[in-house]
Amino acid sequence: MHASEYATRLDPLDFFFGRGGADEDLAPPVVERTGSTGTDLVIKGLAKSFGQKQVLHGIDLRVPAGQFLAVIGKSGCGKSTLLRLLAGLETPTAGTIALGDGNAGRSATRIMFQEPRLLPWARVVENVEVGLLDTDSRAERRERALAMLAEVGLEDRQGEWPSILSGGQRQRVALARALASRPQLMALDEPLGALDALTRIEMQNLLERIWLQQRFTAILVTHDVGEALALADRLVLIEEGAITLDLAVPLPRPRRRGSPELARLEGEVLDRLFDGQSKH
Amino acid sequence: MTLARLTRGNAIGWAVPILLIPLWELLARTGQIAPSVLPAPSAVLEAGWRLMLTGQLPENIWVSSLRAFTGFAIGGGIGFALGLANGLSALSQRLTDTTLQMIRNIPHLALIPLVILWFGIDEEAKLFLVALGVFFPIYINTLHGIRTVDPHLIEMGRIYGMSPITLFWRVILPGALPSIFVGLRYALGIMWLTLIVAETISASSGLGYMAMQAREFLLVDVVVLAIIIYALLGKMADAIARLLERLSLQWHPAFQTH
């Protein structure tokens, strides 16, 4: 690893006192909800530059509570940066991001990545407990972690090391960890990108089922238009750092893969994405 | 690698030394090897028994082990602390790493004349050399281990609101552990090597001193005995380190029993 990268990652002040102000956000406890609901998300004039390069230009987006929004775009369009901004991993150059009631704690937002990012030295259930650090009681942590594991169908694997699980199972553990604290906003950065086609469909169904139960606000970044249409209520296309298409997907659930409506919508979006090049 | 294969590998590993002993005995008994060059294993064992009865052998093993592990604790402790500090803090690294890299390039045994001038042939001299010898493998591998912890996991820990202390205990230290163990095992080897050299050159007790005394009186059996004890002590230290490694790295695919 390059030395300067190190310096930014583990600067002493940073390491011991946390990144400017971020730690204060940790203080508020998770809001306990029965039948958790999502949060409104309002993004205004959001811009982000890395040095000279402007990645996002003034994004305006309002996502109502409980909506499943898919963000698609070609690689490098800024969609992942948008998600990292939402998760607080980057600070905006300009603009604001506001969550519904304004006093949501940091554990109100969770992010899931393409890699599961499980701790290899912690058992499956301990990995899920990482999502419950705000819960003080050890017994309660364990109980809720096990309940979450049951939700994703991995209760019987609770004592395993992550290294012996399959890719899809690891991603399910990561999902359980992200959902354990009942987040109001779930940011998904191509979480199914590394899975094989069949496992992907299984995971999409699981994700949809849990979302229907918990009704968190979901932002899914993907480059798979089919996946976006199968899951989302609404689809946003980002091109060169700006939203160029905002499309409602008013199809009833459960959606049948390969249905004519889905195929038609997918064709439309792909045409838009390639600017008509794919038309014959 | 499975545990069964590991233990079987160990058993096979002992076969060669154990088979060599009767061969050596045979060659010595039949006069193929002169007793003044290499006495028979039975003679070495007898010398061991003799010294055991006079109390010289346990006394010397105790003195040497105490030196070895005290020096190891001092040097290893400082190396570990500096490795942590420099791995976690860019400032600390900028401040000390260049100096440490310069010192590292001096073979520590080259300091023996200077160390004798400073400390005479007392305990401090041996402890200093052992500590210096074990410092670098521990320092470098701790630093390397911390630096190579997956940054994705550290980011994950931050997202999930781990405090710096939690992050250290749950992500950074376990991630660095495999590398720290490499340093530990390497340092144990250097520990014995340094101590033997130091005791052989300047000491008034210990295994190295015992061997040197025996040389003066042409007691080849005692010299060979000392060498074999070094081999056993070294092997024992390594075995303990491997056991610790296996216990604390159960999660690692290389150590799993499945």
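Which handedness does the crossing of helix 6 of chain A and helix 7 of chain A have? In this predicted model, the crossing of these two helices of chain A is right-handed. The contact draws on A:Gly168, A:Gln171, A:Arg172 and A:Leu179 from helix 6 of chain A, and on A:Thr199, A:Glu202, A:Met203, A:Leu206, A:Ile210 and A:Gln214 from helix 7 of chain A. By class, the residues of this contact comprise four nonpolar, four polar and two charged. Helix 6 covers residues 167-179 of chain A and helix 7 covers residues 197-214 of chain A; they pack at an angle of about 15 degrees, and their axes are 11 Å apart. Angles under 35 degrees count as roughly parallel, and helix 6 and helix 7 of chain A are therefore roughly parallel to each other.

Chain A contains an open sheet of six strands in the order 5-6-7-3-8-9, and the pairing in this sheet is mixed. The edges are formed by strand 5 (109-112) and strand 9 (242-248) of chain A; each has a single partner strand, so one side of each is left without a neighbour in the sheet. On average, neighbouring strands of this sheet are turned by 20 degrees against each other, direction ignored.

A:Leu69 has A:Arg234, in strand 8 of chain A, as its bridge partner. Helix 3 (residues 79-86) of chain A packs on this sheet and touches strand 3, strand 5, strand 6 (185-189), strand 7 (217-222) and strand 8 of chain A. The direction of helix 3 makes about 150 degrees with that of strand 7 of chain A.

At the edge formed by strand 5 of chain A, the pairing with strand 6 of chain A is parallel and extends over four bridges. A:Met112 has A:Leu188 of strand 6 of chain A as its bridge partner. The side chains of strand 5 are divided between two directions: A:Thr109 and A:Ile111 point one way, A:Arg110 and A:Met112 point the other way, and all are buried.

A further open sheet in chain A consists of three strands in the order 2-1-4, with antiparallel pairing. Strand 2 (53-63) and strand 4 (94-99) of chain A lie at its edges with a single partner strand each, so one side of each is left without a neighbour in the sheet. Strand 1 (residues 41-50) of chain A runs antiparallel to strand 4 of chain A, and five bridges join them. A:Ile43 is placed opposite A:Ile97 in strand 4 of chain A.

Chain B has 10 helices and zero strands, and its pattern along the sequence is α-α-α-α-α-α-α-α-α-α. The C-alpha trace of chain B spans about 75 × 50 × 30 Å along its principal axes. Chain B has 258 residues, of which 37% count as buried. Of the contacts in chain B between residues at least 6 apart in sequence, 73% join residues at least 24 apart.

Technical notes: Residues are numbered from 1 along each chain as its sequence is written. Chains are lettered from A and ligands numbered from 1 in the order in which they are written. This is a predicted model: local features need pLDDT of at least 70, side-chain atom pairs count only at pLDDT 80 or more; totals for chains, interfaces and linings use all residues. Two strands pair if DSSP finds at least two bridges between them. Axes are lines fitted to C-alpha atoms, for helices over the stretch in contact, and angles run from 0 to 180 degrees between N-to-C directions. Two residues are in contact if their C-beta atoms, placed from the backbone, lie within 7 Å. A residue is buried if 20 or more other C-beta atoms lie within 10 Å of its own, exposed if 12 or fewer, and partly exposed in between; C-beta atoms are placed from the backbone. Angles under 35 degrees count as roughly parallel, over 145 as roughly antiparallel, 65 to 115 as roughly perpendicular and the rest as oblique. A crossing is left-handed if the near helix is turned anticlockwise from the far one by less than a right angle, and right-handed if clockwise. Ala, Val, Leu, Ile, Met, Phe, Trp, Tyr, Cys and Pro count as nonpolar, Asp, Glu, Lys and Arg as charged, and the others, Gly among them, as polar.
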